[in-house]
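Keep the picture open while you read.

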Amino acid sequence: MTVKESPTPVSIDLDARYALARKIARQAGQRALQMFRNRAALEVEHKGLQDVVSMADREVEGIVRGHVSDAFPEDAFLGEESASGASATLQRECVVWVVDPIDGTSCFLNGMHAWCISIGILIDGEPAVGVVFDPNSGELFHAARGQGAFEGDTRLTASPARSVRDGVLGVGFSHRVEPDAFVPFLDRLLRDGGMFIRNGSGALMIAYVAAGRLIGYYEPHINAWDCLAGIVLVREAGGAVNDFFADGGLLAGNPIIAAGEGVYANLLALIDGTQA
């Protein structure tokens with residue numbers, strides 16, 4: 001009797017995808033920068049309150065999707081501008097590219113530099129690659145699971161802060177959340193001696209957490225394409241991040257809490273209201 005061997009699991013080339021994500025981010029970012037410098041010519045649509053999309057967002061997402069499809073046609077793709085057609089089956093895919101073509105579109109359209117390209121990759125449901133490219137500064141933040149986090153060739157380390165008093169916290173807010181769910185946190189933060197900044201790009205601020213520039217970042221609701229890359233960056237820089245992908249976070253979004261390990265508990269207590 002012939003015994004059939006079990007099929008060999010498909011090997012997923014993490015390094016090849018990591019290299020491609022960095023390459024795509026730079027190429028797409030340079031095209032975005034060209035459009036930023038000629039932004040007066042862009043067509044703009046309003047998706048909702050304080051939520052806009054431009055032809056630049058769609059073109060840049062198309063560039064990223066095209067490169068991914070050419071190199072890895074078997075991989076799934078979730079982009080901000082195509083997310084409305086995504087289904088729950090996406091969460092069962094082996095490899096999913098999660099992309100925000102321009103995170104910080106309002107800043108982009110108004111001539112401010114707080115915007116970036118964010119590319120994250122999930123492998124078997126776990127954050128595996130994160131790339132955030134800031135075309136205005138030329139900074140490329142990147143990380144892959146088990147390989148550390150970097151800006152260019154410089155290794156990143158999250159802040160050693162022990163308290164919110166020890167630095168500046170990044171925060172984000174959208175009108176998907178009621179103000180009453182967020183303002184009390186700011187009150188507690190300020191009363192505890194902390195300070196905050198909001199620059200309009202969650203992806204960029206989470207990258208700054210990985211770089212130790214910000215001691216942490218909190219947003220009560222954020223979408224996966226805005227934070228997946230940052231999650232990988234912060235973890236690989238030695239920081240702590242909440243379980244963003246619990247309860248369908250990939251498609252529905254969730255709160256994001258990311259910080260240096262020493263300040264994470266302090267930040268969590270302020271968010272929960274257990275620390276006055």
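Start with what covers the buried residues of H8: the list includes strand S10 (168–171), helix H4 (183–191), strand S12 (216–222), strand S13 (239–241) and strand S14 (254–260). A quick word on the source: this is a predicted model, where local features need pLDDT of at least 70, side-chain atom pairs count only at pLDDT 80 or more, and totals for chains, interfaces and linings use all residues. Residues are numbered from 1 along each chain as its sequence is written, and side-chain values use heavy atoms, with hydrogens and water left out.

Helices (H or I, at least four residues) and strands (E, at least two) are DSSP runs, numbered from the N terminus. H8 itself covers residues 261–272, 12 residues in total, and spans 17 Å from its first C-alpha to its last, close to the expected 16 Å. That expected span is 1.5 Å times one less than the number of residues.

Which residues of H8 are buried? They are Val263, Tyr264, Asn266, Leu267, Ala269, Leu270 and Ile271. Buried here means under 20% relative accessible area, exposed means over 50%, and partly exposed lies in between (1.4 Å probe, protein chains only).

## Two helix pairs

Here are the two pairs side by side. Axes are lines fitted to C-alpha atoms, for helices over the stretch in contact, and angles run from 0 to 180 degrees between N-to-C directions.

| Pair | Axes come within | Crossing angle |
|---|---|---|
| H5 (202–210) and H6 (224–236) | 8 Å | roughly 5 degrees |
| H4 and H8 | 8 Å | roughly 130 degrees |

Angles under 35 degrees count as roughly parallel, over 145 as roughly antiparallel, 65 to 115 as roughly perpendicular and the rest as oblique. So H4 and H8 are oblique to each other. Their contact (heavy atoms within 4.5 Å) is made by Phe185, Arg188 and Leu189 of H4 with Leu267, Leu270 and Ile271 of H8.

H5 and H6, on the other hand, are therefore roughly parallel. On the H5 side, the contact involves Gly202, Ala203, Ile206, Ala207, Val209 and Ala210, while H6 brings Asp226, Cys227, Gly230, Ile231, Leu233 and Val234.

## A loop residue

Finally, look for Asp243, in the loop between S13 and helix H7 (249–252). Is Asp243 buried or exposed? Asp243 is exposed, because its relative accessible area is 55%. Its C-alpha is 9.0 Å from that of Asn254, which sits 11 residues away along the chain.
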